[in-house]
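Here are my notes on this model. Please read them with the structure open.

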Amino acid sequence: MNHEVPIKYFDIADEYSTEAATPLSDAEREPVARYFELLLTRLSNNEEIDEAAQQEMAVDAGIDPQRIDEIANFLNQWGNE
């Protein structure tokens, strides 16, 4: 199954990359965009996102689990702006 990630999530991933402790590599860009898509879809559906859900989405998207906390902090800051 091939899932094309909408461009808006790449835009968010690119913004995250500029603020990340370690910028995204080219290989990480699409998985992180997919992770943002999964997260923001759950948020818009008012679904709870606990640590287990974050870990599951990270595996599904193929991102480094060490990015989870940094992405959560980025989204919290982004949501407050």
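This is a predicted model: local features need pLDDT of at least 70, side-chain atom pairs count only at pLDDT 80 or more; totals for chains, interfaces and linings use all residues.

1. The pocket lining. H4 supplies six residues to the lining of the largest pocket, the largest share. Helices here are DSSP runs (H or I, at least four residues), numbered from the N terminus. A pocket is an open set of points on a 1 Å grid over the protein atoms alone, where a 1.4 Å probe fits, with protein on both sides within 12 Å along at least five of seven lines; lining residues have an atom within 4 Å of a point. The lining consists of Tyr35, Leu39, Leu40, Leu43, Ile49, Gln54, Ile68, Ile71, Ala72, Leu75, Asn76 and Trp78. Helix H2 (26–44) and H4 are the elements that give two or more residues to it.

2. The largest pocket holds about 180 Å³ of space. A volume is the space filled by probe spheres set on the points. Its lining has 10 nonpolar, two polar and no charged residues. Ala, Val, Leu, Ile, Met, Phe, Trp, Tyr, Cys and Pro count as nonpolar, Asp, Glu, Lys and Arg as charged, the others, Gly among them, as polar.

3. Residues are numbered from 1 along each chain as its sequence is written, and side-chain values use heavy atoms, without hydrogens and water.

4. Helix H2. The end C-alpha atoms of H2 are 28 Å apart; its 19 residues should span 27 Å at 1.5 Å a residue, which agrees. The expected span is 1.5 Å times one less than the number of residues. Buried residues of H2 include Tyr35, Leu39 and Leu40. Buried means under 20% relative accessible area (1.4 Å probe, protein chains only). The buried residues of H2 pack against helix H1 (7–19), H3 and H4. Asn46 follows H2 and has a positive phi, near 55°.

5. Arg67. Arg67 sits in the loop between helix H3 (51–61) and helix H4 (68–80). Is it buried or exposed? Arg67 counts as buried because its relative accessibility is 7%. A polar atom of its side chain lies 2.8 Å from the backbone oxygen of Thr22. The backbone oxygen of Pro23 is 3.5 Å from a polar atom of the Arg67 side chain.

6. Phe74. Phe74 lies in helix H4 and is buried, at 6% relative accessible area. Beyond residues up to four places away in sequence, Phe74 touches Ile12, Glu15, Tyr16, Glu19 and Phe36. Contact means heavy atoms within 4.5 Å.

Conventions. Buried means under 20% relative accessible area, exposed over 50%, partly exposed in between (1.4 Å probe, protein chains only). A polar contact is a pair of N or O atoms within 3.5 Å; within protein, one must be able to donate a hydrogen and the other to accept it, and residues adjacent in sequence count only if both atoms are side-chain atoms.
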